[in-house]
Amino acid sequence: MTGAAITTIPAPGAGLNTEMKVFAVMAAVLALIGPTGIVYPYFIMQALCFALFACAFNLLIGFVGLLSFGHAMFLGTAGYASAHAAKVWGVAPEVSILFGAAASALLGVLTGLLAIRRQGIYFSMITLALAQMIYFFYLQAKFTHGEDGIQGVPQGKMFGLLDLTRPMTLYFVVLAVFLLAFLLIYRIINSPFGEILKAIRENEPRAISLGYKADQYKLAAFVLSAALAGLAGALKALVAQNASLTDAHWKMSGEVVLMVLVGGLGTIYGPVLGAFVIIAMQQYLAGIGQWVLVAQGVIFVACVLAFRRGIVGEIAHRLRVAL
Amino acid sequence: MFNISTQALFSQLLVGLINGSFYALLSLGLAVIFGMLNIINFAHGALYMMGAFCAYFLLSIAGLGYWWALVLSPLIMGAFGMFLERTMLHRLAGLDHLYGLLLTFGLALIFQGLFQNYFGSSGLPYAIPQELTGAQNLGFMFLPNYRAWVVVFSLAVCLATWFAIEKTKLGAYLRAATENPSLVRAFGVNVPRMITLTYGFGVGLAALAGVLAAPINQVRPLMGGDLIIVVFAVVVIGGMGSIMGSIVTGFALGLVEGLTKVFYPEASNTVVFVIMALVLLVKPAGLFGRTA
């Protein structure tokens, strides 16, 4: 996916760069819009979970060039793990969220070790097949309650102080987790580690010849992406108070690809915008059944044929800035 | 483990062989398309489903029965595939291979969504042709004629495809164009047309599998969605380098799945994926694959 990516490295010491200015605006808008109630807060929280999921996915495709077609397994696994921990073991929300992310990271290690053995299209097919295997496991396992899912997950008190059953408290907790994770991803991308990932994306044999163990870097990126996708899944289970098979299905893996594609592959803000666009479209089209699927397909085709940069990628290209 | 009747064992093996026929036909189509276009055709499952629907429409609208469908459905769907290749896939030449995967995934969503809108998720019955009803008593089991036909016919189609690609002059052009398209073009062979025809042929194979499946599995909008993922795993296991490899792997994995249904039914959904994981550990290029 080299064509769509932006490779500009922000100049150090130039004050606040564009990316950080946009971050400040994004944080301010999200913090202000929730309490006003102009937009249904539950919608924003849901979209934020998907935005984090999409950012985690974009870390792989945008900066390592690996197209995972099985990321739903991380979203679903963390959802089940955190919901089970909160409901059956009765742990505090901060523990259940971390437990969910850790479960996904562990799954990321196992699946990553297999998937990075092949490249390109094979990598996509392997991640898809592994995710389908995990899906069937959850379909049959007892603790997931099959088609019903884990329902009525208690939200509890975070750190014993923040009562998450109050909608606005939950809103700001979700927003804070999202913003921190977003900054973490930004930091990863712009770290020396991130630069090596980009080098592997651009020319793997050359990176290897320079002495970098490409497979270890790819695995590390895969596990990071899995853990962050897991964070999104655990957060989503907390917000929606349930964990279900939908989150682990291949359609979800396709949806996150679509979010990132619409927003802009390899851009930093693309996944966030893409997630809001796709989730809004789903809400809007929810009443008309399977047309959502058709609409998603049409957007896929249109993006691939005519709009490969995505919304943010196109804006960044026009304005000649990195976003 | 040993109290399983031979009757159950053989009937599950037969089911496995039938599924194996579909895996072989579909993975063969994927391999042929991948060889020429460097695209993994995610829409393959949806096109298989549309092949079955094509047979259903031929019967309900035009009154044309199974034997007509067996010929016409692959031709119609093949033409539709060529249309897709000319209008869309063609434009992705030279881009990263992953865009082909994304485009065909989008197409799969459109097709599946459209058919689900109009036909829901339930199945439409499609009768077994009269000539193939009934069954043979083999002594240890009853062999339904239609199922025997599906296995034999798919195997014949697979072997014919293998022969055409590996042993004929046209196949030689095809293999040459896979290796070095610009050189083959310099010899005066119309490579773009060959690419279009190849895609149409691969889609035709998927449609043929769909027609064969219609009397067994009913005609359902969702029949291809999950199947294609298993076929992807089959392709990873076999490796896409060899035509014979995809045929053998397809049938073999169908059999393994059938055996799993007898001895450990809980794992029958996942056994192909587990085998894929094991093969990746031992031989990452796939059983018949060439290391890149």
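This is a predicted model: local features need pLDDT of at least 70, side-chain atom pairs count only at pLDDT 80 or more; totals for chains, interfaces and linings use all residues.

Modeller: Residues are numbered from 1 along each chain as its sequence is written, and chains are lettered from A and ligands numbered from 1 in the order in which they are written.

Biologist: What makes up the secondary structure of chain A?

Modeller: Chain A comes to 13 helices and four strands; helices (H or I, at least four residues) and strands (E, at least two) are DSSP runs, numbered from the N terminus. For chain B the assignment gives 11 helices and two strands, in the order α-α-α-α-β-β-α-α-α-α-α-α-α along the sequence.

Biologist: Why is chain A called as compact as a globular protein of its length?

Modeller: The radius of gyration is taken over C-alpha atoms, and the globule rule is 2.2 Å times the number of residues to the power 0.38. For 323 residues the rule gives 20 Å and chain A has 19 Å, which is close, so the label holds. The C-alpha trace of chain A spans about 50 × 45 × 40 Å along its principal axes.

Biologist: What does the rule say for chain B?

Modeller: A compact globule of 292 residues would have a radius of gyration near 19 Å, and chain B, with 19 Å, agrees. Its C-alpha atoms fill a box of roughly 60 × 50 × 35 Å along the principal axes.

Biologist: Why is A:Ser253 called buried?

Modeller: A residue is buried if 20 or more other C-beta atoms lie within 10 Å of its own, exposed if 12 or fewer, and partly exposed in between, with C-beta atoms placed from the backbone. A:Ser253 has 27 such atoms within 10 Å, so it is buried. This serine lies in helix 10 of chain A. Of the 323 residues of chain A, 52% count as buried; in chain B the share is 50% of 292 residues.

Biologist: Which residues are in contact with A:Ser253, leaving aside neighbours within four places in sequence?

Modeller: Two residues are in contact if their C-beta atoms, placed from the backbone, lie within 7 Å. For A:Ser253 the list is A:Phe69, A:Gly70, A:His71, A:Ala72, A:Leu128 and A:Ala131. A:Ala72 is 181 residues away in sequence, with 4.7 Å from C-alpha to C-alpha.

Biologist: How do you know that helix 3 of chain A is largely enclosed?

Modeller: In helix 3 of chain A, 15 of the 18 residues are buried, so the rest of the structure largely encloses it. The helix covers residues 72–89 and reaches 24 Å from first to last C-alpha, close to the expected 26 Å; the expected span is 1.5 Å times one less than the number of residues. Just after this helix, A:Gly90 takes a positive phi of about 65°.

Biologist: How do you know that chain A touches chain B?

Modeller: By contacts: 37 residues of chain A are in contact with 34 residues of chain B. On the chain A side, helix 5 supplies the largest share, 14 residues. By class, that side has 24 nonpolar, 11 polar and two charged residues; Ala, Val, Leu, Ile, Met, Phe, Trp, Tyr, Cys and Pro count as nonpolar, Asp, Glu, Lys and Arg as charged, and the others, Gly among them, as polar.

Biologist: What makes a set of residues a nonpolar core?

Modeller: The members are buried Ala, Val, Leu, Ile, Met, Phe, Trp, Tyr and Cys residues, joined through C-beta atoms within 7 Å. The largest such core has 207 residues, and A:Leu52 and A:Ala129 have the most contacts inside it. Helix 2 (residues 41–63) of chain A gives the largest share of this core, 17 residues.
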